[in-house]
Amino acid sequence: EGIVPRLLEFASKLGLAHWPTLTVGAGAFALLLVSPKVLPRVPAALVVMALSGIAVKWAGLEDLGVKTIGPVPAGLPPLRLPAVPLAHLPALAGQAAGLALISFSSLMLTARGFAARNRYEIDGDREFAALGAANIAAAISQAFAISGADSRTAMNDSAGGRTQVTGLVTAAAIAVVMLFFTGPLQYVPIAALGAVLLRAAYSLLDIPSLKTFYSVDWRELAVSLVATTGVAAVGAIDAILVAVILALLRFVQLVSRPKVEILGRVPGLPGVHGIDRHPGATTTPGLLLFRFNAPVVFFNAPFFKRSALAAAESAGPSLKWFVLDLIPVTMIDVTGLQAFADVAHGLKERGVAFIAAGRQTEWSHWVRVRGLESQTRFFPTLKSAAKAFQQEQNQELPGGGPS
């Protein structure tokens with residue numbers, strides 16, 4: 001929290017910069033940029049840490065005020081179960097829930113970002129299980145609550161790490177250093193650590209993705225920018241909660257007001273298509289093919305009812321069959337079922353038959369299991385429904401000949 005006030009304070013106090021420290025940080029950052037080009041197979045961060053530590057030791061930079069990590073206790077942490085007073089559990093549970101949310105969100109964003117960059121797949125369930133196991137291990141070794149580290153993952157990726165063996169090697173190296181080589185760590189300047197993290201964080205910037213969001217849907221870009229600025233303004237947990245709420249509202253909006261289409265035939269194209277997208281599309285007199293591109297549930301059932309009856313009304317008094325395409329309707333709840341019944345009743349009052357096409361077996365099973373009776377006439381496809389309508393119309397003509 002408080003990133004914006006800190007940035008303003010930083011800008012106002014640039015004149016107070018400690019030049020030896022600034023020189024160390026700038027030099028470390030320059031080495032990070034140059035090292036991969038000169039020594040592509042040597043980890044740049046390792047080179048920077050080693051050289052900056054040597055510079056502090058032999059040039060006496062600590063005497064000039066350059067801050068270092070300082071003495072690091074040797075040895076591995078003892079393993080023991082954490083002791084938590086019962087009175088602290090209610091507060092701890094709420095804070096743990098917030099940590100779980102931010103940790104998992106951060107983990108998945110990092111994992112998916114690098115998976116997309118390097119063209120491999122991840123399993124969210126396994127990632128979640130691994131995060132839980134890692135935090136249990138952290139708990140019994142007195143460590144911080146952990147997640148997938150953006151900076152460490154970026155450094156791993158930039159160093160050429162591609163498999164889980166990288167993590168095993170890193171863990172082993174940390175254990176060896178903690179046991180035998182903590183002495184040299186005290187000379188590593190904090191400014192060099194900052195340069196390493198800054199370089200890693202810079203590699204996480206993905207401006208092309210923002211351009212993609214804008215080209216697909218500017219509202220997706222807005223959610224991304226709200227989340228980004230929210231982290232700086234109010235903190236990561238609150239910002240992610242706001243972003244999740246905005247995404248859910250966006251989803252509800254899309255499903256509550258889905259695209260409604262009247263379908264017709266287009267010369268040269270097989271099947272049926274939305275007449276609003278194809279000016280040359282034609283419809284069959286007396287037949288209305290209607291598509292509702294969403295499940296019919298409690299929060300969009302009224303919209304479905306209004307849209308269906310409005311489409312029937314606009315078709316005029318010549319309408320005889322109203323055919324609903326059930327393929328996009330992946331779910332119907334109790335409210336949706338009532339909306340279906342209301343539409344069928346309203347059409348019946350106009351002398352219009354309510355027909356359904358698609359999902360015939362699924363619907364029949366659904367009705368049978370619940371002990372309901374379906375008054376709706378079904379066809380397996382829109383094409384078969386249109387054909388049956390045409391045959392029925394032919395039979396109604398004098399002599400039963402073709403129209």
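At what angle do the axes of helix α2 and helix α9 cross? The axes of α2 (residues 19-38) and α9 (residues 190-204) cross at roughly 40 degrees and come within 8 Å.

This is a predicted model, in which local features need pLDDT of at least 70 and side-chain atom pairs count only at pLDDT 80 or more, while totals for chains, interfaces and linings use all residues. Residues are numbered from 1 along each chain as its sequence is written, and side-chain values use heavy atoms, with hydrogens and water left out.

**Overall form**

- The protein has 16 helices and six strands; these are DSSP runs numbered from the N terminus, helices being H or I of at least four residues and strands E of at least two.
- The radius of gyration is 32 Å, whereas a compact globule of 403 residues would have one near 22 Å; the value is taken over C-alpha atoms, and the globule rule is 2.2 Å times the number of residues to the power 0.38.
- Along the principal axes, the C-alpha atoms fill a box of roughly 110 × 50 × 40 Å.
- Of the 403 residues, 29% count as buried (buried means under 20% relative accessible area, exposed over 50%, and partly exposed in between, with a 1.4 Å probe and protein chains only).
- Among contacts (heavy atoms within 4.5 Å) between residues at least 6 apart in sequence, 67% join residues at least 24 apart.

- Axes are lines fitted to C-alpha atoms, for helices over the stretch in contact, and angles run from 0 to 180 degrees between N-to-C directions.
- α2 and α9 are therefore oblique to each other (under 35 degrees counts as roughly parallel, over 145 as roughly antiparallel, 65 to 115 as roughly perpendicular and the rest as oblique).
- Thr21, Val24, Gly25, Ala28, Phe29, Leu32 and Leu33 of α2 meet Ala191, Ala192, Ala195, Val196, Leu198 and Arg199 of α9.
- The residues of this contact comprise 10 nonpolar, two polar and one charged (Ala, Val, Leu, Ile, Met, Phe, Trp, Tyr, Cys and Pro count as nonpolar, Asp, Glu, Lys and Arg as charged, and the others, Gly among them, as polar).

**Packing of α10 and α11**

- Helix α10 (residues 207-216) and helix α11 (residues 218-234) pack at about 140 degrees, with their axes 5 Å apart, and are therefore oblique to each other.
- Leu210, Phe213 and Tyr214 of α10 meet Trp218, Glu220, Leu221 and Ser224 of α11; the residues of this contact divide into five nonpolar, one polar and one charged.

**Ser209**

- Ser209 lies in α10 and counts as partly exposed because its relative accessibility is 24%.
- Ser209 and Leu221 are 12 residues apart in sequence, and their C-alpha atoms are 9.2 Å apart in space.
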